[in-house]
Amino acid sequence: MHEMALVHQVVDTVLEQVRGTDVAEVTAVHLTIGVGRDVIEDYMSGLFSFVARGTAAEHAQLVIRRVPYTVRCNQCGEIFPINVRDSSTWVCPQCEAVKDYRLFSGMEFMIDSISVSRRPVTLSA
Ligand SMILES: [Zn+2]
């Protein structure tokens, strides 16, 4: 259940960002997750609510953006998407080099941004 460890990491990082600020509540957390990361999105949201219970991020909505696998050709530098299960996509469309590339995207796991609501400012007369 590695989602649990990832979610803990996200909640810790988010709370660290808002600690000591005038943030009243974290309303949304935007994540970028590569398709190579084997996570179940629906599962992540439930875990997030569970882990964040009792904190400023308790009601935050988890917004997940998935990034496809792309590779960079070692021969010509072309960046193109591949399907790991379909060998016909392992050929560079630019120079036709076969399976001569490095992974460019698809393994990301990062927090893009967080949305927050701030405490109302009390003006003293
Ligand atoms: Zn190429």
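Tutor: Start with a term: two residues are in contact if their C-beta atoms, placed from the backbone, lie within 7 Å. In this chain, among contacts between residues at least 6 apart in sequence, 73% join residues at least 24 apart.

Student: Where does the model come from, and how do I count residues?
Tutor: This is a predicted model, in which local features need pLDDT of at least 70, side-chain atom pairs count only at pLDDT 80 or more, and totals for chains, interfaces and linings use all residues. Residues are numbered from 1 along each chain as its sequence is written.

Student: OK, what secondary structure does the chain have?
Tutor: Two helices and six strands. These are DSSP runs numbered from the N terminus: helices are H or I, at least four residues, and strands are E, at least two. Their order along the sequence is α-β-α-β-β-β-β-β.

Student: Is the chain spread out or compact?
Tutor: The chain is more spread out than a compact globule, because its radius of gyration is 20 Å, well over the 14 Å that the globule rule gives for 125 residues. That radius is taken over C-alpha atoms, and the rule is 2.2 Å times the number of residues to the power 0.38. The C-alpha trace spans about 70 × 35 × 15 Å along its principal axes.

Student: How much of the chain is buried?
Tutor: Buried residues are 17% of the 125. Buried means 20 or more other C-beta atoms within 10 Å of a residue's own, exposed means 12 or fewer, and partly exposed is in between, with C-beta atoms placed from the backbone.

Student: New topic: what is the phi of E96?
Tutor: Near 65°, a positive value in a residue other than glycine. E96 lies in the loop between β4 (79–81) and β5 (101–105).

Student: Buried or exposed, that E96?
Tutor: E96 counts as exposed because it has 11 C-beta neighbours inside 10 Å.

Student: And where is K99?
Tutor: K99 is in the loop between β4 and β5. K99 is not a glycine, yet its phi is positive, about 50°.
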